[in-house]
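Subject: Handover of a structure and the findings on it

Dear colleague,

Please find below the structure that I am handing over to you.

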Amino acid sequence: MQDDVAQCRVILARPQGFCAGVVRAVEMVERALQMYGPPVYVRHEIVHNRHVVERLKKLGAIFVDEVDDVPVGALTLFSAHGVSRKVEEAAGRRNLDVVDATCPLVRRVHREAQNYAARGYDVILIGHNGHAEVEGTRGQVDSYVIVVETVSDVANVSVNDESKVAFVTQTTLSVFDTGEIVAALRKRFPAIVGPDTRDICYATQNRQMAVLELARIADVVLVVGSPSSSNASRLVEIAASAGVESHLVDGADRLDPAWVRGRTAIGITSGASTPESVVNDLVAHIGTLFPVTVDELPGKKENVHFRLPDRLLQPSRHLEAAAFPAE
Ligand code: SF4
């Protein structure tokens, strides 16, 4: 039954949703299932979205927390967030057939951190302790990596030589918060070297600029994504910091109607791991509550694609295309 209210605009931010790293990682699981048949093991959620994970489970993927949970020798994918060397070594000891879906932009941060460490720098990683990407990046460096989460953490950083300090960052941070942390680090260690906010990937930056634009014209912002998604959580914070009520919504079934009732302009965006179908379902669900028109902001065009590994580009041995509907 529709509420009796005036028609409201739903405004979609652009760009939003899947980034090139997520497209590649999801496609890698699908291709592995097609080529080798189920089960295919995946360490950690391939990307931080429950809808993606549930769909891949139905197709035959088995998600595990650690490689020790995988049968010896089995085909195993590492998630887009990357893994530490310890995980790579543990997979080697179990003789796992590994396909690495680490996003190339996360790999780039690994290489930066490794290079700084090899040149004798103390490495600071700006990021969220406990996040899979941060655990992977710090575990790719031989020396100890100091994790800094906030500006106030900077005062407690202890290094061996203040003239040889470097920093790198997680790829999915807020550009604004990270800029403040980098400024605090530069003040404390004037000789520090690092990429400023350039480690924050193109997809994260574009979605953050788009949500700011949305926040200027919407009276509530809904960010579609799972709570485990770092980049989706940052979009909620950025919209809120622009003075607009904002909520993380992990699908139409998680919408509180009180968030949208009585609004004239509902802004919707989504994190880099959220399938478009989940956003479409949410828009359709809001349309069952009261009449809406749907507009899209023009936004920035993205044209980034990452190649699949060669072994997943071979013709399929177990092609069952009908079992793999488009997202
Ligand atoms: Fe790669 Fe950025 Fe997507 Fe993460 S959010 S998978 S770093 S493109």
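**An exposed loop residue and its neighbours**

Valine 72 counts as exposed, at 60% relative accessibility. In this account, buried stands for a relative accessible area under 20%, exposed for over 50%, and partly exposed for what lies in between, with a 1.4 Å probe and protein chains only. Please note that this is a predicted model, in which local features need pLDDT of at least 70 and side-chain atom pairs count only at pLDDT 80 or more, while totals for chains, interfaces and linings use all residues. Residues are numbered from 1 along each chain as its sequence is written, and side-chain values use heavy atoms, with hydrogens and water left out.

Valine 72 is placed in the loop between strand E3 (61-64) and strand E4 (75-78). Helices (H or I, at least four residues) and strands (E, at least two) are DSSP runs, numbered from the N terminus. Leaving aside residues up to four places away in sequence, valine 72 touches Arg94, Asn95 and Leu96; contact means heavy atoms within 4.5 Å. The C-alpha atoms of valine 72 and leucine 96 are separated by 6.1 Å, although the two residues are 24 residues apart along the chain.

Asparagine 95 lies in the loop between H3 and E5. At 57% relative accessibility, asparagine 95 counts as exposed, and its phi is near 60°, a positive value in a residue other than glycine.

**Helix H3**

Which residues of helix H3 (residues 85-93) are buried? They are Val87, Ala90 and Ala91. Seen down the axis of H3, these buried residues fall within an arc of 100°, so they line one face of the helix. The arc is that of the directions from the helix axis to the C-beta atoms. Strand E2 (40-43), E4 and strand E5 (97-100) are included in what covers the buried residues of H3. The face turned away from the buried side carries the exposed residues Lys86, Gly92 and Arg93.

In H4, the buried residues are Leu105, Val106, Val109, His110, Ala113 and Tyr116. Down the axis of H4 they fall within an arc of 160°, so they line one face of the helix. They pack against strand E6 (122-126), helix H5 (132-138), strand E8 (165-169) and helix H7 (202-217). H4 is followed by glycine 120, whose phi is positive, near 90°.

The structure holds one aromatic pair. The rings of tyrosine 116 and tyrosine 121 have their centres 5.7 Å apart and their planes at 70°, so the pair is edge-to-face. Rings of Phe, Tyr and Trp (its six-membered ring) pair if their centres lie within 6.5 Å; planes under 30 degrees apart count as stacked, over 60 as edge-to-face and the rest as tilted. Both tyrosine 116 and tyrosine 121 are buried. Lysine 164 lies over the face of tyrosine 121, at 4.7 Å from the ring centre; a charge sits over a ring if NZ of Lys or CZ of Arg is within 6 Å of the ring centre and within 35 degrees of the ring normal.

**Cis peptide bonds**

The peptide bond from arginine 14 to proline 15 is cis, with omega near -5°. The bond from proline 38 to proline 39 is also cis, with omega near 0°.

Yours sincerely,
A colleague
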